[in-house]
Amino acid sequence: MLVYVLQRARTALTADSIAYAALALVLSLASLIVGLLWTAPGFTTRRQLRHLRRVTASKKNMQDQYDEKYAASEGTPTTGPVRIKAIFIHPIKSCGPVELDRAVVTKAGLLHDRCFSFAVDAADEKRSDDTRTLHFISQRTKPQMALISTELWLPRETSSSSTQNDALVHAGGAVRVTFPDPEPAGLVRRLQACLEQGRWNATPQCTLNVPLTPTLRYLSASELTPRPFTIHAREAHGIDMGRVGAVAAALPKLKRLLGYHERRTLTLLRCTPETLTRTDKNLAPLSRIGSRAVHGYTDQQPVNINSVASVQAVSRLLPAENRPLNALRFRANLWIAGAAAYDEESWTRCRVRGEGAGALATTLSVVCRTSRCTMPNVDPARGTFSAQRPDEGRSKGRPQPTTALVRHRMVENGNAAALGYLGMHAVPEDRDLNAAREKRVNLVICVGDEIEVLERGEHVYGSTGGLY
């Protein structure tokens, strides 16, 4: 009986009806896909950026960081110039980086670097949200923060009447923040994630646009007053961006991702020119830098320099299961290539030579080694701590690369809390910033710029005390 019905149905269908049915099916699927994409959270926030442009590098300059051509061992003679291989900023402290082809140098470091920071209250505080003491959070205790990615979006160079009314244009742009959705997702949300990310096993993501500069369009005048919080042992200040609607809506999910109780206060703080902090350790001579060094939410110094050769040298010290060592664990601003491993530790002044006629040079006073903490142990791709295989009779392995750094890279004793040293802190010198200001241009450094070492010397962390 069933075979008979199927035969009658087939004879009833004509070529035209089959074509129409196929077309209707295709149009229905297309409408479904468009509908899913249009209502997907990622596309919703992306549409809000229509008058902005994404600022990113033209290619991933650290993609070949493991290549042997960068493996110049300590003390090895090198030929050719030292150059900037890659430039990174971290708009939100301890979250994902943004890679750039070029960066604007300011007195407080690279523009937009560490200008935001997440902060949380103490677990046992019972005061109101407005009076609770806030402390910054980082991957040291919350490695999942490595999974919070950021994008930098700035206003387009051309403007129109429609762009002038765009709140994000008035805010100077936005930081687009994306993190894994900690809540169970239904079928529709999973389909949207697959379409958004272009892969079948995609994890649903939460996205939000954080205005780059808080304005009255987002916050009232009273809410623009900075509130205090602590970064390590120092007091910092920032505008509470947790009062912005998009941020406030995302914070409950972010709490769940990071494992905070829903009653805890978690917020995002924004540094402003008025809340910059003077550096009080490892001070560069005023005769070089012109005026006292300042920084936002970086740890003490405005700029961090590191070398691909140095990271490769550390990688060779690790157990086989922990190699190769991803340099991005060390979160430098400027990655250099062309120098032997650890050569940068002897620099006390260097000049970044801009390419092209009329390009301004950028001189940096290199003030101290970077004393490392446990953050390099975080795998930025997984948001988990790395360790070597456990020793016999033990359930947990030793953390890496901290274990290797403590064993092989305690090259000085300036910081009793240091877990090894790698990388250098630096401060921009005023004369170049002033020259750019006189010409009414930005002081810019670019990938590929040559670095000239002007002076060398010895470094001991903290040796300058509190005196310039």
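Domain 1 and domain 2 of this predicted model bury about 2,200 Å² between them, and 62% of that area lies on carbon and sulfur atoms. The domain assignment gives domain 1 as residues 61–112 together with 281–467, while domain 2 is given as 116–124, 132–156 and 167–270. Taken over C-alpha atoms, the centres of domain 1 and domain 2 are separated by 26 Å. In terms of contacts, 27 residues of domain 1 touch 32 residues of domain 2.

The polar side of this interface can be described by its pairs. Between domain 1 and domain 2 there are nine residue pairs in polar contact, counted where both residues have pLDDT 80 or more. On the side of domain 1 that touches domain 2, strand S20 (378–379) and strand S21 (384–385) each supply at least two residues, and the residues of that side divide as 13 nonpolar, nine polar and five charged. The rule also finds one salt bridge across the interface of domain 1 and domain 2, and it finds one aromatic pair.

Two side-chain pairs are listed with their geometry.

| Pair | Kind | Geometry |
|---|---|---|
| Arg140 and Asp299 | salt bridge | 3.3 Å, N to O |
| Phe229 and Tyr297 | aromatic pair, edge-to-face | 5.3 Å centre to centre, 80° between the planes |

Conventions:
Residues numbered from 1 in each chain as written. Predicted model: local features only at pLDDT ≥ 70, side-chain atom pairs only at ≥ 80, totals over all residues. Heavy atoms only, no water. Domains from an automatic or database assignment. Contact = heavy atoms within 4.5 Å. Buried area = accessible area lost by both parts, 1.4 Å probe. Salt bridge = Lys/Arg side-chain N within 4 Å of Asp/Glu carboxyl O. Polar contact = N/O pair within 3.5 Å; in protein donor to acceptor, adjacent residues only side chain to side chain. Helix = DSSP H or I, 4+ residues; strand = E, 2+ residues; numbered from the N terminus. Nonpolar A, V, L, I, M, F, W, Y, C, P; charged D, E, K, R; others polar. Phe/Tyr/Trp six-rings, centres within 6.5 Å; stacked < 30°, edge-to-face > 60°.
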